[in-house]
Amino acid sequence: QLEMEIERSSEQPLQDEQNNDDDMSTTSTKKGPLKILFLSSDTGGGHRASAEALANQFQRLYPGTTYDLLDIWSDIDSSWPYNSIKDAYKSMSASPWKWRTLYHVSNTAVYAKFADFHSYYMNEGMIREKIEEYNPDVVVSVHPTMNYIPLLSIRKVAEKFDKEIPFFTVVTDFGSGHCTWFNKDVDRMYLASEPIKAIAQKRGGVPDEKIVMSGLPIRYDFAAQADAMGDRTTDEGKEHQQKIREELNIDPNKKIILVMGGGEGVGSLSSIVNELYAKLRTQGVDATICVVCGRNEQLKGDLETRCWDTVVSQSLNSYASLKSRVVTKLLSAHASRSRRIQAALDRAAAKAAKGRDVAEVPGNVDVIPLGFVKNMAEYMVA
């Protein structure tokens, strides 16, 4: 089922055009290798991962297909503030209140129109020249800031080369989406959920005939692993899981917890791992905690050298730990932990402080910090 979903999301653009001889005739008649240009940016890992997943499936279905990833803001000499998007994302993703403020301020029609006008005036010519270098057969945007000006540039490039170059948007958000995703002039828009569809139609005016409900793009590896494992509760499924754990050098006899914070390794991962470790140790649970740190090398290095006995000691330091954390949160102007995460951590600290759930024999807990993981399917199986 997963493999069919991936195949449909990558094959659909060509199938749709083959059903309409008057629309994009050049693409509909080309059944061989394609030159695909993906528009993306390394603002987190999800956008690039989606592009790579789609590209891989195109190459499986159409051998000889080539693809490139273009960041229209970083790969050209773009103007400020567009040339600082990646660095700004790293800073703001680590501070939820900053991210929340920017998101809501920019998620308005007025702001979007102003940004489109300004970026067109400052950067459209450079973007068009860069796209011309690739001379693609099809363009796929997997980033919210790359659906307006690039589309205008693509139309000009298509006219210059006298060929149709379809432009598709694959929205990589699931429950909600920024208004800059939804340009009604794209040739097809691929969406993952009904809530996203409602936003696309309400805010972007995207017509039904341009919308394809495809789900989120995932790597083929996930489908392959799902097929190999089958039902994980069967003997065959358990045997496959054990095999994967051994390949990953993970103790096959312990429970495994996978902790992730996106491509940038954000989201209070350090505190979450501390609380998990202390809780598992004091409850006598043998476990391995795999922490996907993404590009956050500082966090990875810190976890590799952390004194875990001290972590347990601090967690059991009754109300002093809880009081210290609350006071720090109130006094720090830069406190960035979300209220829900903080509340959960405080409840765990209070419970530990009262001496509940402390086992006679402490659990044997390992912490494995990981960088930017490319074999995530295997870790999900484990």
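Which residues touch the most other members of the largest nonpolar core? Let's find out, and then look around the rest of this predicted model.

## The largest nonpolar core

This core has 29 residues, and L39, F182, M189 and L191 are the ones that touch the most other members. Several helices and strands contribute to the core: β1 (35–39), α6 (109–134), α7 (149–161), β5 (188–191) and α8 (194–203) each supply at least two of its residues. Helix α7 gives the largest share, with five residues.

Take a moment to find F182 in the structure. Leaving aside residues up to four places away in sequence, F182 touches Y148, V171, G177, M189, L191, I196, I199, A200, G204 and V206. There is also another core, which lies apart from the largest one. This other core has 16 residues, among them L280, A287, L299 and V365.

## An open sheet of three strands

Now turn to the sheet whose strands run in the order β7-β8-β9. It is an open sheet, and its three strands pair in parallel. The edges are formed by β7 (255–260) and β9 (365–370), each of which pairs on one side only. From one strand to the next, the twist averages 20 degrees. As a reminder, strands of a sheet pair through backbone hydrogen bonds, and the pairing can be parallel or antiparallel.

Let's zoom in on one pair. Strand β8 (residues 287–292) is joined to β9 by six bridges in the parallel sense.

## A buried arginine in a loop

Where is R306 placed? You will find R306 in the loop between α12 (297–305) and α13 (308–315). Is R306 buried or exposed? R306 counts as buried because its relative accessibility is 15%, and the cut-off for buried is under 20%.

The side chain of R306 has polar partners too. Not counting residues up to four places away in sequence, R306 touches S270, N274 and V311.

How many disulfides does the model have? The count is zero. For background, a disulfide is a covalent bond between the sulfur atoms of two cysteines.

C290 is buried because its relative accessible area is 0%. C179 also counts as buried, with a relative accessibility of 10%.

Conventions:
Residues are numbered from 1 along each chain as its sequence is written. This is a predicted model: local features need pLDDT of at least 70, side-chain atom pairs count only at pLDDT 80 or more; totals for chains, interfaces and linings use all residues. Side-chain values use heavy atoms; hydrogens and water are left out. Helices (H or I, at least four residues) and strands (E, at least two) are DSSP runs, numbered from the N terminus. Buried means under 20% relative accessible area, exposed over 50%, partly exposed in between (1.4 Å probe, protein chains only). Contact means heavy atoms within 4.5 Å. Two strands pair if DSSP finds at least two bridges between them. Axes are lines fitted to C-alpha atoms, for helices over the stretch in contact, and angles run from 0 to 180 degrees between N-to-C directions. A disulfide is a pair of cysteine sulfur atoms within 2.5 Å. A nonpolar core is a set of buried Ala, Val, Leu, Ile, Met, Phe, Trp, Tyr and Cys residues joined through side-chain atoms within 4.5 Å.
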